[in-house]
Amino acid sequence: MDQNIIRKLYAQNKISEVFLNLKSADVGLTSTEANNRLKKYGLNEIKKPQEESEWKSFLKNFISMMAILLWISGAIAILSGTLELEIAIWLVNIINGLFSFWQERAAKKATNALNNMLPSYVQVIRNGKKVQLDAKKLVPGDVFILQAGNTIPADARIISASSLQVDQSALNGESTTESKSVEYAPGEGNYAETNLVYSGTSVAAGTARAIAFATGMETEFGKIAQLTQKQRKVDSPLTKELNRLTKQLSMIAVSIGLLFLLAAIFWVKYPFAKAFVFALGMVVAFIPEGLLPTVTLSLAEGVKRMAKKHALVKELNSVETLGETTVICSDKTGTLTQNQMTIHYIWTPKNEYRVTDNGYVNNGQIELNKKQLWYDENPDLQKLVEIAALDNDTSVEQTKMKGAKPKILGTPTEAALVIMAEKGGFDRPKVIIKYPRLYELPFDSERKRMSTIHRWNDQQFIIFTKGSFSDVIKQCDQIQIDGQIQPMTPSQQQAAANHNAQYALKGLRSMAMAYRIVDKDSIDINKVTATTVEQHLIFVGLTTMSDPPRPEIYNAIKRCHEAKIKIIMVTGDSKLTAKSVAVQIGLTTNQARVISGDELEKMSKHELSVALKGEVIFARVAPEQKYKVVKTLQQNGEIVASTGDGVNDAPALKQADIGIAMGMTGTDVAKDAANIILTDDNFASIVAAIEEGRAVYSNIRKFLTYILTSNVPEAFPSILFLLSGGIIPLPMTVMQILTVDLGTDMLPALGLGGEAVDSDVMKQAPRNRKEHLLNKTVIAKAFLWYGFISSMISIGAYFLVNLKNGWPRIPLASNGEVYLRATTMVLGTIIFTQIANVLNCRTNRISIFKKGLFSNTGIWYGIIFEILLFLILTITPGLQQLFNTTNLLMTDWLFLFCLPIPLVLLDELKKWMLYRKK
């Protein structure tokens, strides 16, 4: 039978039928029966998904497409007899794999989040007696007791309840607590049945006795876990792009290698073994061995920078994916809003008062006409505050810990009323002594009112009543205006109703306040009922409240819109509240379409796909429906980031390209499903993280351009060698090529990875998914501009050395001191032209001097390193033999140090001409 139908039956059946179905009773199960059921149903826990083994996690860092290409290159090097080449290539792979494994292992704190949320112990009725039991041993049919502050251990039917309020925000995204009782009512939204409670939610106020009908993976909590666990991890856009790039570069390298192999055999007449080594040099030249570690380290730097901006990244590739985001699916409660109910306005028939500031802290005041007013300065305000604070079971405990939120013992609604009273100067502990509470008629979902009876004086009691406007106003036949009590006229009642409706249109929840004073002799305090007490009430006014938006949300949304990023609210809250908040914070216009969970359920895939292309808000949605929205967006070609903090957000977080969980208020379930955790719960941190992600991709393209630039001058000497039929000796050896690829290019490239973000990056649209890293612009800039210039200069240096030593009177040197100096100068000119190239690659259009020539210290450390490395290779005897280098003359060094200056100025001229033209 369908689980939803079973749940409905447990809610609608009589409690006697529930006992019969579960073969239990009000006195609970026997220990023997409970043990038998434990064997049948298993422990009341969420089963762990099978985690990836440490070895598998370790090895995956060594089998990416680029890594495989490098393993193959190293193997070819062994076959060709160049052992030192094999060691260098494989060492790069090993270091990169170890670094990736360490970085992801350090960032990923895999914990069994769902088990952490379940309570450790629960009070259960066994053998007719109350016992404390490990919650894992709870079974269907167990009768257990709930109190304020308890986490509910299983899905259960309520047997008895007193003023029970349950916080289900972690499950349904609602910002207000749910009233629960013995009687069944379907409620509005998901998990809203009034006589059912659910595993993983918590008791905000009141007490209850309930019977468990589902435990462990059979609970609604467990179903969400199953939905999350079933989802398979897919490659990030950056992983796909790097795989594509690897294929492209592999095809280029292998094609050039084959071409050079054939040319060496048939044109230069090399023996096969020698031709193979030569061709291998070309393959090596066009495989950017440094690309993989450079990308990894750049992403790691991005992770560090994002951590400073309060975004904890669990996987490296998530950094760049965030930069590609085109749509953010955001929960409302706790993400766009503060998840702290706050009173904004107090309305009485004579005045409207404004209550300043937000949250569960006494940080504001009550104002009338922008002037502070204490509660006892106006009789109507005084009475309303007294009702709000005394007809109230909640307390707010402030904390001294920096950044920690106050502890609410009760319901958010009543907490908001307590803080409102404090802002008006009301001393609740002092007043409650003067007017002690004698009796309480708790709130229930049928009456939608709560009343308390207090001592007023020696001869009288006072009855305070609060509740929904429609349910309180019908019990009132009098009204208080300026402290004077008079019969309520239809026009006065209509005026109050109009104001209530206006507040509702603004997304504010209203609560009506009323009272009456009775003689002690007219009421028996031990026999009071709601019928006898809640009648002939005096209407005082309204309080209006909402869960306020985060203060930084307005600018964050504005920046997202400027960046052409669409934000879709997907919440469990009501349609009216969802749209009101969305319009208030600038998320949508008032024309946005609001789709409820019921409407979403009936929509076809095509209808949903079309709806998602316009302005849309989703309200009253179930967890699997959030998942459906995210998946449909992805099918529409969007890169989706999904934010949230509740259990209900976990499936969507897992399915999204990027899942973003709130670190402070977020449940462990949400954090476990997410790729990124916001440590400050600040939506604005998402914008900063997106900006960083865009910078990462831009920087990857910059250092790809820089690394590919050196391929041309590395290959050009071999092309001359081939075209001349061997008459021009090989001006650059394979080990010298590796010196550039793995040595001198690495640190400056890493410096590019840390390049500051361009100021206008968040005013551009997300990059097109069809736009690849290796595009025409990169190829033209790397090969036809920077690469060509470097090739001409390096080959010119080679011939210049030979010219100074007798060429063309004598043939070009193929060995000896002249040859070594010529090849050393080729290596030197490539290194020093790359110094110019790395500076030129820092910007695309603006001047490097405008951005700051020395602003990127990482690049300058890299430049110093490559100069020192080149110096060491030219003066160290053992290394001279290995890398075919020799000592250079002072004039050679002077030439090399001056070389970058004209190249930077030339590129500045090019940028100025292009920039001026645009």
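Student: Which residues do ring pairs link into a cluster with Phe832?
Tutor: In this predicted model, ring pairs connect Phe832 with Phe870, Trp893 and Phe897.

Student: How many aromatic pairs are found in the whole structure?
Tutor: A search of the whole structure gives 16 aromatic pairs. One of them joins Tyr191 and Tyr198 in an edge-to-face arrangement, with 5.3 Å centre to centre and 70 degrees between the planes.

Student: And Tyr191 and Tyr198, are they buried or exposed?
Tutor: Tyr191 is buried, and Tyr198 is buried as well.

Student: What about Tyr345 and Tyr503, what kind of pair do they form?
Tutor: Tyr345 and Tyr503 are stacked, at 6.1 Å centre to centre and with 25 degrees between the planes. Tyr345 belongs to strand β10 (residues 342-347) and Tyr503 to helix α18, so this pair ties together parts that are 158 residues apart in sequence.

Student: Which of the classes, buried or partly exposed, does Tyr345 fall into?
Tutor: Tyr345 is partly exposed, at 27% relative accessible area. Tyr503, by contrast, has a relative accessible area of 3% and is buried.

Student: Let us move to α21. Which of its residues are buried?
Tutor: Helix α21 covers residues 575-584, and its buried residues are Thr577, Ala578, Ser580, Val581 and Ala582.

Student: What covers them?
Tutor: The cover over the buried residues of α21 includes helix α18 (490-505), together with β23 (566-569) and β25 (616-619).

Student: What follows α21?
Tutor: Gly586 follows α21, and its phi is positive, near 85 degrees.

Student: Which phi value does Lys564 have?
Tutor: Lys564 has a phi near 60 degrees, which is positive although the residue is not glycine. Most residues other than glycine have a negative phi. Lys564 sits in the loop between α20 (553-562) and β23. With 51% relative accessibility, Lys564 counts as exposed.

Student: And Lys23, where is it found?
Tutor: Lys23 is in the loop between α2 (15-21) and α3 (31-41). Its phi is also positive, about 50 degrees, and Lys23 is not a glycine. At 68% relative accessibility, Lys23 is classed as exposed.

Student: How far apart in space are Leu820 and Ser64?
Tutor: Their C-alpha atoms are 38 Å apart in space, while the two residues are 756 residues apart in sequence.

Student: Now the surface. Which residues form a nonpolar patch with Leu868?
Tutor: The patch consists of Tyr861, Ile864, Leu868, Leu871 and Ile875, which together have about 500 Å² of accessible area. Leu868 is in helix α34 (residues 857-875). Leu868 itself is partly exposed, at 46% relative accessible area.

Student: And the protein as a whole, what does it contain?
Tutor: The protein has 37 helices and 28 strands. Of its 918 residues, 56% are buried. The C-alpha atoms fill a box of roughly 130 × 70 × 50 Å along the principal axes.

Student: Last topic, confidence. Where does pLDDT stay under 50?
Tutor: It stays under 50 over residues 107-119, for which the model has 32 contacts beyond four places in sequence. Where pLDDT is low, the predicted coordinates should not be read in detail. For the protein, the mean pLDDT is 86, and 91% of residues reach 70 or more.

Key: Residues numbered from 1 in each chain as written. Predicted model: local features only at pLDDT ≥ 70, side-chain atom pairs only at ≥ 80, totals over all residues. Heavy atoms only, no water. Patch = residues over 30% accessible without salt bridge, like charges linked within 9 Å, V, L, I, M, F, W, Y side chains within 5 Å. Areas by Shrake-Rupley, 256 points an atom, 1.4 Å probe, with all protein chains shown as cover. Salt bridge = Lys/Arg side-chain N within 4 Å of Asp/Glu carboxyl O. Helix = DSSP H or I, 4+ residues; strand = E, 2+ residues; numbered from the N terminus. Buried < 20%, exposed > 50% of the residue type's maximum accessible area, 1.4 Å probe, protein only. Contact = heavy atoms within 4.5 Å. pLDDT = per-residue confidence, 0-100. Phe/Tyr/Trp six-rings, centres within 6.5 Å; stacked < 30°, edge-to-face > 60°.
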